[in-house]
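The sequence and the structure come before the text.

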Amino acid sequence: MKKYNSILKYIFVMASSLFVVTGCVQDDKYDQPNLDGYDCADKKGIVVPFADVKAKYQNARYVFPKDTTPDNEADDLYMVGYVSSTDETGNIYKTIYVQDALENPTQGFTVSVDAVSTYTKYPQGSKVYIKLNGLAIGTYGGLVQLGVETGAETSATSVSRIPEKLVAKQIFRSCAPKGKIIPKVMKLADMVAANDQYFGCLIQVDDVEFDARALCTTYAPSGVTVDKTIGEGWVSGKYAKTAVVRNSGFASFASQLLPSGKGKFVGIYSKFQSGSTTTYQLYVNKAEDLEMKTFPRLDGLTAGPCDFNPSTLTAKTVADIKQLAAGTTNWVQITGDYYLKAQVVANDETGNLYKYVYVEDATGGIRVNMNKTNLYLDSRFRLGKDVNIKLKNLYVRSVNGEVQLGALFSNNTQFGQIEEVEMYKYFFDSNTASRAVVPTEKTISQLTMADVGRWIKIKDVEFVKGDLGRTLTDGSNVTSRTLEDCSGNTVVLRTSGQASFGNIKPGGYEVKGGKGDVYAILSVFNGTYQLWITKLANIDFDAPRCDGSVYIPIPVVYSDDFAAGGFSTDWTTVNKVGPNQFWQTSNQGNGTNYYAVMNGNAGGANNNIANEDWLISKSVSLAGKTKAAVSFTTDVRYSGNALQVYATDNYTGDVTTTNWTLLPATLDTNANAFGDWVGSGNVDLGAFLGKNVRIAFKYTSTTSGAATWEVDDFKIKAQ
C-alpha cells in the first residue's frame, strides 16, 4: 500500500478512513435513486479531509501522486463530499462545487472540469468520491480548486480543467440516494477571510436585496457575464455590507428581471482575488432559489418599481420635449405625469457614444444622458428597441445648441446625466422585439435643426483630400474629419479615440478614400452640424471619388512604432546644441506603448535649456516608385518651438552640411495636454522618387520655452 505524506499519517490508523464496497439496495424506506443511466460506485480507499487537500496548496501547484496500482483500490486517495451546485440552468459553467456535509458543512471545494451538463451525472445533493490521484490543486483568482496539470498552465499556481474523458474516472457518484443540501445560513458580514473554508458551499443570506442600480434589469445580457450587487443592513444611506452576484448571459433565466424586493438569497459562495483586492461572489443555481419579494426594502422603496402603466400617464413626443427648452439656455424640469415611447437608434456598443443613447420617434430624435457605461448591454437600450421613459422630474436643456434629456447633479447646480441608481425610476423595457432602425435620408445642404438627434443617411459623400491618409482619430480625444459632397458642401464627422474602431494606438483605422453613403446620428455644436457613427460599417465608401479617381492607400515600405522601447540601429540621434541631451523613447502615460520623445527641460519649473536635437531615420529606397509619402503622429505639451520635419537624399553624417527639405506636416497644436495625438496625414515625398530618402525630426528649445514633443507610428509609404 502506498504511503501518504506526513500531514495525513493519522489517516492510516483511522478505521473510518476505509470504505467498504456497498451495493445499490432498494429499500421501501427510501426513494429509488435516480441515476439517470449513470453507473454508481461507493469507493474504498483513503479519505483525505477537505482541509488537508487545501493544505497541499502552498502558493504553488501541487500534483497528487498518480495511481501506480490501479487494481488496488484500497490505497487510492479520495475526497468525499456532496454536490452543492447544479449547472442545469447554465449559470454555473464547467465547475462542480462540493461540500463535506449535506447540512452544516465545515468545508467547501471547487472542482474545475472541462464538461457541461454535469447535473445529469452529479445532481445537486448527490454523494461523490473524488479520486485525487493524478489531480492537481492550484488557484484561479485566488480561489483554491482541483484540476489537472497539463503543462499549458499560465502560472505556477494555476491548474487546468479536468478533461471531459477523465471526469468519470476521477469523480464517482455514490449509489446512495440523493440527499437534500440544506443551505448554510450566513450574513454578508460573515464574508471575511476567517470563513474562506466555506467557498463552494451552498449558503443562504436573509434580508438582502439587489441594490438600486440593478432594479428593473435582467439577470444578465444574452451571452455576457455581469456582476450585480446585493446588500444587507442600511446605515447612513448605504448598505452596511455588500457582495457580488455573478450572472451568466447563457443562463436559462438570464432574460428574467431580477427580484426587486427584499428577502432570502440562496447561492454558491465563492471569491475572486485580483492583487490585494478580494471580491466575495455568489452564484445562483436557479432563479427559484431567490425569495426576494418583501417590501419595504432596506433602502425605503415601498413597492415593486418595474411595472409600467401608460394609462396613468400622458404621452409626449420628442418634439414636445424639445419644445420645453425652446427660447432658453437654462435647464427646464418636467413636472407633469408624462411619458415618452421612442426607439433606441444609437447606443454605446462600440464606445463612440459614451454614457448616452439616442432615441427617436416620428417627430424627431433626442440624446438621453445616463451616468452608466455599457448601456447597450441593458435590455432596455438595445439597438432598435422601444423604450418607455417616465419624464416627471427629468430635465431638458439646450447644450451648445442641442436639446438633451437628463438630470441635475452637483447639488442641483449642473445639468447632465441621470444617475445609475435613479434609472429604474425612469426607464422601462417595452418587452417588444427590436426592429430595424430606418434612417432619414438627407443631403448635406438639406440638414436642419429638426434632424438633430435623428439617425440619418447622407448619400454620395467622401472625405476631403486633406484627410486622406489620416486615421479616424488622432488619439484618445475626439477628432474631427470632414466629409464633402460632389457640390463642395461639407459636414464634420466626429470620432472618439475611445471607440473600438477609433483608437490611434496602434495605428488606428485609415479613413476610406472612396465615395459613398454615411449612416450616423446628427448632432450640433454651436451651430455646426456633426455626425457620429456607431460602427465602421456606417461608412460605405467604395465608389470612385467625385472626380472619378479611385483612391488606393499607399503601401507601407518602412514603419516603426518604437514598441520595444529604445531606438534600433535604424535611427540616429544627434545633439547639436545643449547639455548633451538626446531623443529618447518612453511609455509614460501610455501603458506598454512606447514613443519617441524630446524635451529641453532640465527638471523643475523655469529650467528650460537651449537645445537642438535631431532624430534621423534610416535611408529608405524609393527607386522605381511613382508615389511616396511619410506619415506619423505627434503630441506636444508646454510652450516652445514647433517641431520641424525634414527629408534628405544626401545625408553627409553632419546635420549642418546636409541639404534638408522642410516638409509641410500637420502637427499637434494643443500644448495644454498630453494624449491628444495628431496624425500628420500623408506628407508628399514626390521630390524624392527614385532616390534614397531619410526623414528627420528637428527639436529646438530656448531658455524661455521648451516644449515636450512626442512622435509615434512612423511610416514611409511608396508604390
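## Largest pocket

E15 supplies 3 residues, the largest share of the lining of the largest pocket. The model is predicted: local features need pLDDT of at least 70 and side-chain atom pairs count only at pLDDT 80 or more, while totals for chains, interfaces and linings use all residues. Residues are numbered from 1 along each chain as its sequence is written, and side-chain values use heavy atoms, with hydrogens and water left out.

The largest pocket holds about 810 Å³ of space. Its lining has 32 residues, of which Tyr93, Thr95, Tyr140, Arg161 and Tyr283 are the closest to its centre. At least two lining residues come from each of strands E4 (95-99), E5 (108-114), E7 (136-140), E8 (143-147), E14 (241-247), E15 (262-274) and E16 (277-283). On a 1 Å grid over the protein atoms alone, a pocket is an open set of points with protein on both sides within 12 Å along at least five of seven lines, a cavity is a set where a 1.4 Å probe fits but cannot get out, and lining residues have an atom within 4 Å of a point. Points are joined across faces, edges and corners, and a volume is the space filled by probe spheres set on them.

## Cavity

A search of the whole structure gives 1 cavity of 30 Å³ or more. The largest cavity has a volume of about 40 Å³. Its lining consists of Ala212, Arg213, Leu215, Thr217, Lys372, Asp378, Arg380, Glu420, Met423 and Tyr424.

## Chain as a whole

The chain contains 3 helices and 48 strands, and its C-alpha trace spans about 100 × 70 × 55 Å along the principal axes. Of the 719 residues, 50% are buried, where buried means under 20% relative accessible area, exposed over 50% and partly exposed in between (1.4 Å probe, protein chains only). Among contacts (heavy atoms within 4.5 Å) with a separation of 6 or more, 72% join residues 24 or more positions apart.

The side chains include 70 positive and 73 negative ones, and the centres of the two sets lie 1 Å apart. Lys and Arg count as positive and Asp and Glu as negative, with His and the chain ends not counted; a charge is placed at NZ of Lys, CZ of Arg, CG of Asp or CD of Glu.

## Backbone geometry

Most residues other than glycine have a negative phi, and most peptide bonds are trans. Phe295 and Pro296 are joined by a cis peptide bond with omega of about 5°. Pro296 is in the loop between strand E17 (291-294) and strand E18 (314-316).

Ser410 has a positive phi, near 55°, and sits in the loop between strand E25 (402-409) and strand E26 (414-416). Its relative accessible area is 38%, so Ser410 is partly exposed. Asp713, also not a glycine, has a positive phi of about 55°, but Asp713 belongs to strand E48 (residues 708-718). Asp713 counts as buried because its relative accessibility is 8%.

## Glu441

Glu441 is part of strand E29 (residues 440-442). Beyond its neighbours within four places in sequence, Glu441 is in contact with Gln446, Lys457 and Lys459. Between Glu441 and Phe308 there are 133 residues of sequence separation and a C-alpha to C-alpha distance of 34 Å.

Notes
Helices (H or I, at least four residues) and strands (E, at least two) are DSSP runs, numbered from the N terminus.
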